[in-house]
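Keep the coordinates open and follow each pair in turn.

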Amino acid sequence: MVFEGPEGFLSNREMFLIGMPRLRQLRVKSDNSCLSETPRQLQHFFTSCLQEYNILTEDKTQYSLPGWQRPPIDLDVNSSEELIDNYCPKPWRYSSFKSIQTLPYMGDNVLYGGGGFVADLGYSITTALSVASSLKENNWIDDSTAAVFVEFTVFSPTTMLFSSVKLLFERFPYVATTTSLRINTFNVYPTTNKTFLQLY
C-alpha cells in the first residue's frame with residue numbers, strides 16, 4: 001500500500017511523502033438548459049444533463065452540507081469557524097486557487113481552475129479509506145462532478161528529486177469518463193554527483 005510506510009515514507013521505503021495527499025473536485029452548476037441541445041427525438045431519454053465545464057459554468061458555492069445540500073442557516077466568511085465546521089466539513093466547502101496554492105491545469109481540451117472542493121486523505125491508508133468511504137456515502141461525486149484530481153508530492157532522498165503527481169478523472173457531457181496521469185519531476189537541492197548531473 002502506498003501510505004503504509006512509517007515516518008512519511010511510502011511502502012517501498014524509497015520515497016518520502018511531502019504534504020498530505022488530496023482529492024480535488026471541480027463541479028458545474030446544476031442547469032438542465034443543456035437538454036435543449038439534445039436532439040428532439042432523444043430528449044425523452046434524458047431528465048438531466050451535464051454542462052460543459054468552463055469558468056462560467058463552474059460551481060463555486062462556498063458552503064454545502066454533505067450530499068451537496070444547502071445549509072439551514074446562512075453562512076459566510078464572517079461566520080465562526082466552529083459554526084462552519086459543524087455544518088460544512090471541508091470537502092463540502094469551495095477553496096480558491098489562492099487558498100490551496102494550485103494553478104489552473106490543462107486537461108483533455110479543458111482548462112480547469114486551480115480551486116475546487118478539497119478532501120485531504122491523511123497520512124495513512126486507514127485514514128484515506130475512511131475519508132473515501134465518507135465521501136462515497138454522501139455522494140461527494142455526483143451528476144455535477146466535472147473533474148476529480150488526485151494530487152500528491154513525493155521526495156526521493158537518494159536522487160534528491162521531487163515528483164509532483166496529478167491523476168485526473170474527467171467527465172464530459174454525453175461521453176464516458178477519461179483519465180490521465182502527469183508526473184513532473186524536479187530538482188530543488190544542488191548535487192555534486194557528476195554522473196547524476198549528466199542525466200538531468
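A salt bridge is a side-chain nitrogen of Lys or Arg within 4 Å of a carboxyl oxygen of Asp or Glu. This is a predicted model, where local features need pLDDT of at least 70, side-chain atom pairs count only at pLDDT 80 or more, and totals for chains, interfaces and linings use all residues. Residues are numbered from 1 along each chain as its sequence is written, and side-chain values use heavy atoms, with hydrogens and water left out.

The salt-bridge rule gives a count of six. Arg22, Arg24, Glu151 and Lys166 are joined in a salt-bridge network. Within it, Arg22 pairs with Glu151 at 2.7 Å, N to O. This pair links distant parts of the chain: Arg22 sits in strand 1 (residues 16-27) and Glu151 in strand 6 (residues 145-156), 129 residues apart. Strands (E, at least two residues) and helices (H or I, at least four) are DSSP runs, numbered from the N terminus. Both partners, Arg22 and Glu151, are buried. Buried means under 20% relative accessible area, exposed over 50%, and partly exposed in between (1.4 Å probe, protein chains only).

Next, take Asp142 and Arg27. Their closest N and O atoms are 2.8 Å apart in a salt bridge. Asp142 lies in the loop between helix 3 (125-137) and strand 6, Arg27 in strand 1, 115 residues away. Arg27 counts as buried because its relative accessibility is 3%. Asp142 is at 24%, so it counts as partly exposed.

Finally, Arg171 meets Asp143 in a salt bridge at 3.8 Å, N to O. Arg171 is in strand 7 (residues 161-172), and Asp143 is in the loop between helix 3 and strand 6, 28 residues apart. With a relative accessible area of 54%, Asp143 is exposed. Arg171, at 27%, is partly exposed.
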